[in-house]
Amino acid sequence: MSTRISYEVRDESPVTVVRLAGELDLSTMRSVHTVLDGCLTAQPDALVVDLGRLDVADPLALSVFAAAARRAADWPAVPMVLCAPPPDAAAWLAESTACRVVPVRPDCAAASALAGAGVAPRLRARLEPVAGACRRARELVTDACGRWNIPELAGPASLVLTELVGNVVRHAGTPMHVTLTLRRPYLRVAVMDGSPAAARAAADHDPRAEGGRGLMLVRDLTQRWGSTPAGAGKVVWAMLPAN
């Protein structure tokens with residue numbers, strides 16, 4: 001983290017607000033990216049980024065916000081809004097492509113209202129790494145698909161989440177946080193655990209082997225999936241079409 005950038009993260013449920021301060025240029029934008037990436041990996045309901053104390057030294061560095069907004073919209077499906085940019089930064093944002101990706105509001109209250117209005121339905125649960133975790137995961141999917149009127153996804157989503165939870169039970173052995181999010185056109189499932197080891201599907205697998213097929217099944221059943229570092233552990237997520 002660059003000493004020229006500082007930040008404060010506050011949970012103002014349902015919106016998480018990150019307040020940035022310092023000088024933003026091409027050398028510090030990486031630090032800003034790291035901050036925003038960490039906030040998004042925690043899967044908040046919505047994210048507001050307060051630029052009021054940010055000195056933008058290079059307009060090109062503002063692209064970090066567009067990149068974060070694209071990632072937020074894809075996974076974890078979090079609405080992201082910028083607020084209170086200094087006059088020069090506001091003018092540069094208005095002239096750039098960033099505003100086409102991430103909206104800007106003049107103050108935090110307006111930004112929080114806009115971000116909060118875009119919150120997607122989510123279902124969260126904490127599971128222990130025990131044998132019954134997979135059964136509980138299937139129950140969560142059945143509950144979510146019933147609430148959100150997507151019964152056709154109950155089967156494939158249950159298989160995917162069972163594999164992700166089972167992977168934690170077998171390999172990580174840590175408590176886990178499960179999140180299901182519906183932001184059409186996708187249902188997103190995610191499992192955060194305490195192991196930093198990235199989840200990887202085998203490049204080639206012996207079809208006669210008894211194990212090792214889990215992440216291959218996740219890959220085959222989903223539009224996209226990935227493994228992202230999260231604090232001392234990781235989040236493994238997947239997206240299923242929900243048209």
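A salt bridge is counted here when a side-chain nitrogen of Lys or Arg lies within 4 Å of a carboxyl oxygen of Asp or Glu. The model is predicted, so local features need pLDDT of at least 70 and side-chain atom pairs count only at pLDDT 80 or more, while totals for chains, interfaces and linings use all residues. Residues are numbered from 1 along each chain as its sequence is written, and side-chain values use heavy atoms, with hydrogens and water left out.

By the salt-bridge rule, the count comes to 15. One of these joins E139 to R136, with the closest N and O atoms 3.6 Å apart. The two residues are 3 apart in helix α6, which means that about one helical turn separates them; helices (H or I, at least four residues) and strands (E, at least two) are DSSP runs, numbered from the N terminus. E139 counts as partly exposed at 36% relative accessibility, and R136 is partly exposed with a relative accessible area of 36%. For these classes, buried means under 20% relative accessible area, exposed over 50%, and partly exposed in between (1.4 Å probe, protein chains only).

A further salt bridge is formed by the side chains of D45 and R122, at 3.3 Å from N to O. This pair links distant parts of the chain, 77 residues apart: D45 sits in the loop between α1 and β3, and R122 in strand β6. D45 is partly exposed at 22% relative accessibility, whereas R122 is buried at 14%. Salt bridges that share partners also join R10, E12, R19 and D50 into one network.

Turning to the strands, an open sheet of 5 has the order β1-β2-β3-β4-β5 with mixed pairing, where two strands pair if DSSP finds at least two bridges between them. Its edge strands, each pairing on one side only, are β1 (5-12) and β5 (104-105). Strand β4 (residues 80-83) pairs with β5 in the parallel sense over 2 bridges, and R105 in β5 is the bridge partner of C83.

Helix α7 (residues 154-172) has 19 residues, which should span 27 Å at 1.5 Å a residue; its end C-alpha atoms are 26 Å apart, which agrees. The expected span is 1.5 Å times one less than the number of residues. Among the buried residues of α7 are A154, V160, L161 and V168. Elements in contact with the buried residues (heavy atoms within 4.5 Å) include β6 (122-127), α6 (133-147) and α8 (214-221). After α7 comes G173, whose phi is positive, near 65 degrees.
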